[in-house]
Every structure is written in C-alpha cells, then in structure tokens.
Amino acid sequence: MAEEKTLTLAEQIDTQIRTTGPMSLATYMGLCLSHPRHGYYTQGRPIGAAGDFITAPEISQMFGELVGFFIVNLWQQMGEPKSFTLLELGPGRGTLMQDALRAASKADGFENALHLQLFESNALLKGEQEKRLGNYSPYWASELDAVSEDPIFVIANEFFDALPIRQFVKTDDGWHERLVGLTEGQRAFGLSPTPIADSAAPPEVHGAYAGEVLEIGTAGVDAMQSLARKVALQGGAILAIDYGYPVTQTGETLQAVKSHAFAEPLEAPGEADISAHVNFGVLGEAAKASGLAVAPLANQGEWLLRIGLGQRAKALATANPAEAANIVRAIERLTSPEQMGTLFKVLCAHSPGLRPAGF
Ligand SMILES: C[S@@+](CC[C@H](N)C(=O)[O-])C[C@H]1O[C@@H](n2cnc3c(N)ncnc32)[C@H](O)[C@@H]1O
C-alpha cells in the first residue's frame, strides 16, 4: 500500500499561495512559528548551544534570581496576598522561572501563596518546564486570559518578539502591505495593490519617505490588552523584557535566525526562528488604556544593575571563586551596550499605587 505523502510546511504555504493568492507577513509568520505540526515553536528545541539562540536566563542564573526578587518586592508591596498567580509567557526551558522561584521562595509565605501558570506552545519545551518546575505544581494555561481570579504577576522574556507582525511599505500613493507570494515558483515579497492613506497610518510616521517600512504587531497588542485588563481588575503587574524600541517608528526589524546565524525568512518555513523587534510604545499604550500604570521604559543593563546585579554577582563570586571570571563575562553580556544592555528593554505595567523596582 502506498504511504500517504504529508506535505512539508513549505509545500503547504506554496499551495495556499497558489490557491488563494499572496498572504500577509503576519499569516506567513503565524504558520512558520505556530503551525500545529511543523511550526518552529510547536516542535524542536530552539534554545541553547545546540539550538538556534541563547537567551538572558540561559546566560546566567542571576537574571532569573533578580526577576524573582523583583516579584517578591511587588508581592510585599501588595500586603503579601495569601494567594496569587505567577504567569510566565513562553517560559522556554523553564530556567528563568526555576532561578526566580529558588530566590523568591526565601521570602516567608511566598511559595505557599503561589499558583504557577505557564503559557507555552511547544510540547518539548513543556517537558523541560515540567522537569525544572514540577515541584511547584505548574498549570499550563491554554488561553492568555484563562488565569484565576487572584492578583497576577506576568513575566515575559523574549515572548513578544515571537508574535506575528504585518509590514507596510511607503510609496508615493500611500502605504502598501507587504505580502508573501510566489515569483517564478520561488517565495518572494511583493506589495498589496491597494494602498492605505498616509493619514490612516500612526501619526508618528506621517510624512515618511517612499521605501520606508512600518511594522505593526497586532498580536502583541492584543495579548497585552487581554492580560492588562485582568491585572487591572485583580491587581498585580506585567514585566516584559525583549529587544525593541520605545515609540512607533519606521524601520525593518524582521529577522530569521538558525543555528546562531542570520537566515533568510522566506527560505525554510518552520526551520528558523522568525522574530521582530517589539514596539514597546504601543504595548505601554495598550496597558494604560486597560487601566494600568506604566513605568518609564528601562534598558535591560541599567535595570539589572539598579535591582542588584552587582551585589548578587559579588555574593556568587565570593561563594564560588572559581566562577568569578564567568560571572564577569555574564554581566558584560547582559549589561554592556554592545551586547544586550541597551537593545533589550524592560517594560513594567502595574496596578496604580505599586512602585516596581529599578525604573
Ligand atoms: C525566544 S523563546 C524565549 C524563552 C524563554 N522566555 C527564555 O528567555 O529563555 C520564546 C518562547 O515563547 C514560546 N512561544 C512562542 N510563541 C508562542 C505562542 N504563540 N504561544 C505560546 N508560547 C509561544 C516558545 O515556545 C518559547 O518558549
């Protein structure tokens, strides 16, 4: 009996384009990242030396520990509620949360009050999260707003950059959406024939020159809005750390990364990480519109130093002098402007009245 041939993701995308015409970049990204069988974030192990990229919590335990202290401080400011939810979006290998909870559990009553929730699409990563966080009895939420009724703290490190974006290119007659189509059988970018008037674009980019690119991350704004509404009702905070920019601007940031090197986004759907820089301006506005206060956006390097990276490094190096050189290297990677220090930003949206540390 002949085996049924399953189409690769590339073949499925090409067939869809041939059948229904070119697709938006957001649709293409959504398929590449979240296709139920072949999506980059539904299969595979993307993070770590053997994967495609390294993230801050994988560089040093200090990153997660400081996030843990940060959350304890907010929990104390709220009067140490006897029950609260700690929700992590895209927890990766579970490293950040493992380090955060090891540090935070030192605060009396914190662990007893904790309900840990994780939002994750990748089955293999869920397995890794279970391995590292099983002791805290985590619950994997299938919807972002399916969290319980008590105060909520949300942590998202490199989550928002992985959500689909749309791109628009300015021409003499307005903004045209960039689409993924086929040219002589090969996937290629093209432009939608119908323009959007300059006046309908965000005011920050009115008067842009022909050729400039505008990126719109609707999925990120939707996610922020639904979380912020919950946090505004129930009390708490949202901490989002990612590479990004402070206000709406033009510029193309779409990138694909495979095996720690840049790749071509249209070349191998589902096999490379595709991401875009996060527009923290619109995320902050969405949180404010939902009733939260938003701390001034901070650079990762400055924020980590302000919440105690230096002191934590000293304590670790004193306890384990053989690690001192590695600790210095980790601080450099996390804070220096040439590395993650200024490209990565920290957004905290919180209940009015709380004073998040480090901003
Ligand atoms: C770049 S990794 C960051 C992992 C981790 N936060 C860290 O810092 O190491 C993105 C994470 O978000 C998850 N993710 C991406 N898109 C998602 C989606 N649409 N729904 C749920 N999880 C998603 C990935 O599987 C992964 O755990």
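Analyst: The discussion below covers helix pairs and then the ligand. This is a predicted model, in which local features need pLDDT of at least 70, side-chain atom pairs count only at pLDDT 80 or more, and totals for chains, interfaces and linings use all residues. Residues are numbered from 1 along each chain as its sequence is written, and side-chain values use heavy atoms, with hydrogens and water left out.

User: At what angle do the axes of helix α1 and helix α2 cross?

Analyst: Helices (H or I, at least four residues) are DSSP runs numbered from the N terminus. An axis is a line fitted to C-alpha atoms over the stretch in contact, and angles run from 0 to 180 degrees between N-to-C directions. Here α1 (residues 9-20) and α2 (residues 25-34) cross at roughly 155°, and their axes come within 11 Å. Angles under 35 degrees count as roughly parallel, over 145 as roughly antiparallel, 65 to 115 as roughly perpendicular and the rest as oblique; α1 and α2 are therefore roughly antiparallel.

User: Which residues make the contact of α1 with α2?

Analyst: Contact means heavy atoms within 4.5 Å. L9, I13 and Q16 of α1 meet T27, Y28, L31 and C32 of α2. Residues are also classed: Ala, Val, Leu, Ile, Met, Phe, Trp, Tyr, Cys and Pro count as nonpolar, Asp, Glu, Lys and Arg as charged, and the others, Gly among them, as polar. This contact of α1 with α2 has five nonpolar, two polar and no charged residues.

User: How does helix α4 pack against helix α11?

Analyst: The axes of α4 (residues 61-77) and α11 (residues 309-319) are 10 Å apart, at an angle of about 125°. That angle makes α4 oblique to α11. The contact involves Q61, M62, E65, L66 and F69 of α4, together with L309, R312, A313 and L316 of α11. Its residues comprise six nonpolar, one polar and two charged.

User: What is the angle between α4 and helix α5?

Analyst: α4 and α5 (residues 95-104) pack at about 50°, with axes 7 Å apart, which makes α4 oblique to α5. Among the contacting residues are F63 and V72 of α4 and L96 and R102 of α5. By class, this contact divides into eight nonpolar, three polar and three charged residues.

User: How many residues surround the ligand, and which are the closest?

Analyst: A residue is near a molecule if one of its heavy atoms lies within 4 Å of it. In this model 18 residues surround the ligand, the closest being T55, G90, G92, E120 and N157.

User: Which polar side-chain atoms lie by an oxygen atom of the ligand?

Analyst: A polar contact is a pair of N or O atoms within 3.5 Å; within protein, one must be able to donate a hydrogen and the other to accept it, and residues adjacent in sequence count only if both atoms are side-chain atoms. An N or O atom in the side chain of T55 is 2.5 Å from a ligand oxygen atom, and a polar side-chain atom of N157 is 2.8 Å from an oxygen atom of the ligand.

Key:
Helix = DSSP H or I, 4+ residues; strand = E, 2+ residues; numbered from the N terminus.
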